[in-house]
Amino acid sequence: MAILTVENLSKKFSGEYVLRDISFSLNKSECLYIVGENGSGKTTLIKLLLGLIDATKGSIKFDGVKKNQIGYMPQQNAIQSDFPACVNEIVMSGFLNKTSLFSFYSKKHRQRAKEIMEKLHITDIERLSFRDLSGGQKQRVLLARALAAAEEILLLDEPMTALDPLASAEFYEILEQLKKDGVTLIIISHDVHCAVKYGDKIMHLGRDEVFFGKSEEYCHSSIGRKMLMEGHHHD
């Protein structure tokens, strides 16, 4: 059963199509990687899925998922890295969309935050200031915050960019575990090799062609083969 169905989604900015007739579906606990060159509309697609902007035409349907069950983890550079708050405060801020304006965090929120921090192995750093953390720790804190905001679907924008190989490997392990726990993941990435390795499905947004399908189908498609070859040249 599809948790998300997108049909003929198009978005125009000042008369120009950024996305045209995009269609795909995603089941619960699946991981979709969105790849493609810069300017191909990856961020626009995420904004449409989050409801931050409206589509020019087409539809986005979530089945059994409310708006506040969709978490978002922006690129790390979009969050000031010298943010003065401590880890616990940042994770707790994920609950803000679930509390009314004048209410404080409930006992339930605190308990949930504790569970999330344990799951992401950041309990030992919960009192530290965000600015003093390593890149890998920062990513886990931001992921914990996104999980606090929502635990059905998570949208991650380039989560591996600032990470060294070890931190990346740990982060992938955490994402795999979240999938097992029933979280559906949508990840924007420029790393096609990782997308193929860890993704169940691939959405490739190209200026001339668009691909959507299973990872192994992408590997055999003309656009996928081309991207994977180019990726080898860059290594």
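In the largest cavity, α5 provides the largest share of the lining, four residues. Helices (DSSP runs of H or I, at least four residues) and strands (runs of E, at least two) are numbered from the N terminus. The model is predicted, so that local features need pLDDT of at least 70 and side-chain atom pairs count only at pLDDT 80 or more, whereas totals for chains, interfaces and linings use all residues. Residues are numbered from 1 along each chain as its sequence is written, and side-chain values use heavy atoms, with hydrogens and water left out.

The structure holds one cavity of 30 Å³ or more, and the largest cavity has about 40 Å³ of space. A cavity is a set of points, on a 1 Å grid over the protein atoms alone, where a 1.4 Å probe fits but cannot get out; lining residues have an atom within 4 Å of a point. Points are joined across faces, edges and corners, and the volume is the space filled by probe spheres set on them. The lining of the largest cavity consists of Cys-31, Tyr-33, Tyr-172, Leu-175, Glu-176, Lys-179, Leu-185, Ile-187 and Tyr-198. At least two lining residues come from each of β3 (31-35), α5 (165-180) and β7 (184-188). By class, seven are nonpolar, none polar and two charged, where Ala, Val, Leu, Ile, Met, Phe, Trp, Tyr, Cys and Pro count as nonpolar, Asp, Glu, Lys and Arg as charged, and the others, Gly among them, as polar.

Leu-175, one of the lining residues, also belongs to the largest nonpolar core, which has 49 residues; Leu-175, Ile-122, Val-141, Leu-143, Leu-154 and Tyr-218 touch the most other members. Helix α4 gives this core its largest share, seven residues. A second, separate core of 23 residues includes Leu-9, Leu-49, Val-65 and Ile-186. A nonpolar core is a set of buried Ala, Val, Leu, Ile, Met, Phe, Trp, Tyr and Cys residues joined through side-chain atoms within 4.5 Å. Buried means under 20% relative accessible area, exposed over 50%, and partly exposed in between (1.4 Å probe, protein chains only).

Tyr-218 is buried, at 0% relative accessibility. Residues up to four places away in sequence not counted, Tyr-218 is in contact (heavy atoms within 4.5 Å) with Val-35, Val-192, Val-196, Ile-202, His-204, Phe-211, Ile-223, Gly-224, Arg-225 and Met-227.

Three aromatic pairs occur in the structure. Rings of Phe, Tyr and Trp (its six-membered ring) pair if their centres lie within 6.5 Å; planes under 30 degrees apart count as stacked, over 60 as edge-to-face and the rest as tilted. Phe-24 and Phe-212 form a tilted pair because their planes stand at 45°, with ring centres 5.7 Å apart. This pair joins distant parts of the chain, as Phe-24 in strand β2 and Phe-212 in strand β9 (residues 210-214) are 188 residues apart. Phe-24 is buried at 3% relative accessibility, whereas Phe-212 is partly exposed at 28%. The pair of Phe-211 and Tyr-218 is likewise tilted, with centres 5.2 Å apart and planes at 55°. Phe-211 is buried, with a relative accessible area of 13%.

Most residues other than glycine have a negative phi. Ser-14, in the loop between β1 (2-13) and β2 (16-27), has a positive phi of about 40° and is exposed at 80% relative accessible area. His-121, in the loop between α3 and α4, has a positive phi near 55° and is exposed at 54%.

Notes
1 Å grid on protein atoms, 1.4 Å probe; cavity = no way out; pocket = protein on both sides within 12 Å on 5 of 7 lines; lining within 4 Å.
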